[in-house]
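Load the model in your viewer and keep the sequence panel open. Each stop below gives a selection and what is there.

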Amino acid sequence: MKKIIERYKQIRKNTLLSREYAHSYAFIGMGAHALQNLYPVLNYLHVPLKYIVTRTEKSAGLVHNLYANCEGTTNLDKVLADKSVRGVFICTTPTSHYDLVLKTLSAGKHAFVEKPPCTSPEALKTLIEAQEKGDSDVFVGLQRRYAPALSILKSKLKNVNHYVYRYATGAFPEGDVLFELFIHPIDAMHFLFGKAEVKSSLHNKSTYLLNVLHENGVIGTIELSADYSWKESFEYLSVNTGNGIFVLNGLDSLVFQKKPKVVARIPLEKITTQTPQYTILFNRNTFVTNVQNNELFTNGFYDELKSFVDFCEKEDAKLNKSGLSETLKTFDLLNQLKLPIRY
């Protein structure tokens, strides 16, 4: 048994250490989000970053602290002209994403851009047109689409009746709360249930209470709020289906509760004792500190970045779960929330 275990460990280690890439990559931006969430994943995957583009020469001079063999530069044109660079990661100020994606597409490079790729549905349609004119593709950094818990939930959903979704954080003064923060939960609901239309909404300060109807008939009640606390922020989704209820707590836990039996419209739980049946479909183990239990993995950052790099290497369109066209319906709904409040 010991030999089998050691053999398994050796295979796992060799798989990680033997990753090879045919292309080079560039990263535009070196802010807090990139440093804390994106660069660690790229380091783990051994992605060969050839350039890191920053706004200042001082920041460019510090690039060697991240990658010894990576060049820090403020010259984006030089980077985009380098034929060895196949993919470009864009993680800068949201208002600059649109222009950077257009430049990257014009240079014939694939682009991974953090959300939002732009700030309006009209601008998004322009990006889609620019993409369709060339051979390059765009991944949008909507990492929930790659989160294991949401992928499992999507594969299990049948006969959905309705859902209740709550997404609450602290104040968000640094940007557009709709397109930079609430884009995540709105996009997650589109990923799970398809295109939706807001039927009624209430808006008070930085809180939105919505009733939505999806094109497949699923109805949902959504609370989006930046009027809570960042230290105690939470995300909760309850999905009622014909057979039972799925409960998602954050992106770390997914549980299915089977509904009690009903015979001739009579709930048996009112007649006899019924033992609730719970099935744990996904649960992050905080004791075993492997990659699969790291929050960067359970939150989807690992799979979205790996999918982008694999796409650049293999050109497999199935790897892109967050393309620009997929984002269009999310932008349409966010734009609806900018209209006058309906009662």
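**Before you start**

Residues are numbered from 1 along each chain as its sequence is written, and side-chain values use heavy atoms, with hydrogens and water left out. This is a predicted model: local features need pLDDT of at least 70, side-chain atom pairs count only at pLDDT 80 or more, and totals for chains, interfaces and linings use all residues.

**Stop 1: colour by confidence**

Colour by pLDDT, the predictor's confidence in each residue, from 0 to 100. The protein has a mean of 90, and 92% of its residues reach 70 or more. Select residues 2–17, helix 1: confidence is lowest there, at a mean of 60. Strand 4, residues 85–90, has the highest, at 98. Where pLDDT is low, the predicted coordinates should not be read in detail. Helices here are DSSP runs of H or I with at least four residues, strands are runs of E with at least two, and both are numbered from the N terminus.

**Stop 2: the largest pocket**

Select Ala32, His33, Asn37, Glu114 and Lys115. Of the 47 residues that line the largest pocket, these are the closest to its centre. The pocket's volume is about 1400 Å³. On a 1 Å grid over the protein atoms alone, a pocket is an open set of points with protein on both sides within 12 Å along at least five of seven lines; a cavity is a set where a 1.4 Å probe fits but cannot get out. Lining residues have an atom within 4 Å of a point. Grid points are joined across faces, edges and corners, and a volume is the space filled by probe spheres set on the points.

Which element gives the largest share of the lining of the largest pocket? Helix 2 does, with 4 residues. Helix 2 spans 32–44; other elements that give two or more residues include helix 5 (97–106), strand 7 (160–168) and strand 11 (234–241). Now colour the lining by residue class: 19 are nonpolar, 19 polar and 9 charged. Nonpolar covers Ala, Val, Leu, Ile, Met, Phe, Trp, Tyr, Cys and Pro; charged covers Asp, Glu, Lys and Arg; the others, Gly among them, are polar.

**Stop 3: a cis bond**

Stay at Lys115. The peptide bond from Lys115 to Pro116 is cis, with omega near -15°. Pro116 sits in the loop between strand 5 (110–114) and helix 6 (121–133).

**Stop 4**

Select His190, in helix 9. Is His190 buried or exposed? His190 is buried, because its relative accessible area is 3%. Buried means under 20%, exposed over 50%, and partly exposed in between, with a 1.4 Å probe and protein chains only. Show its contacts (heavy atoms within 4.5 Å). Leaving out residues up to four places away in sequence, His190 touches Lys195, Ala196, Lys329, Thr330 and Leu333.

His190 also lines the second largest cavity, along with residues including Tyr163, Ile186, Met189 and Leu333. About 40 Å³ of space lies in this cavity. Helix 9 gives the largest share of its lining, 3 residues. The lining divides into 7 nonpolar, 2 polar and no charged residues.

**Stop 5: helix 7**

Select residues 148–156. In helix 7, Pro148, Ala149, Leu150 and Leu153 are buried. Among the elements that the buried residues of helix 7 pack against are helix 9 (183–193), strand 12 (244–249) and strand 13 (253–258).

Move on to Asn159, in the loop between helix 7 and strand 7. Its phi is near 55°, a positive value in a residue other than glycine. Asn159 counts as exposed, because its relative accessibility is 60%.

**Stop 6: His46**

His46 is not a glycine, yet has a positive phi of about 60°. Look for His46 in the loop between helix 2 and strand 2 (49–53). His46 is partly exposed, at 36% relative accessible area.

**Stop 7: Arg284**

Finish at Arg284, in the loop between strand 16 (277–283) and helix 10. Arg284 is buried, with a relative accessible area of 18%. A polar atom of the Arg284 side chain lies 3.1 Å from the backbone oxygen of Asn293. Beyond residues up to four places away in sequence, Arg284 touches Asp252, Asn293, Asn294, Glu295 and Thr298.

Note on methods:
Polar contact = N/O pair within 3.5 Å; in protein donor to acceptor, adjacent residues only side chain to side chain.
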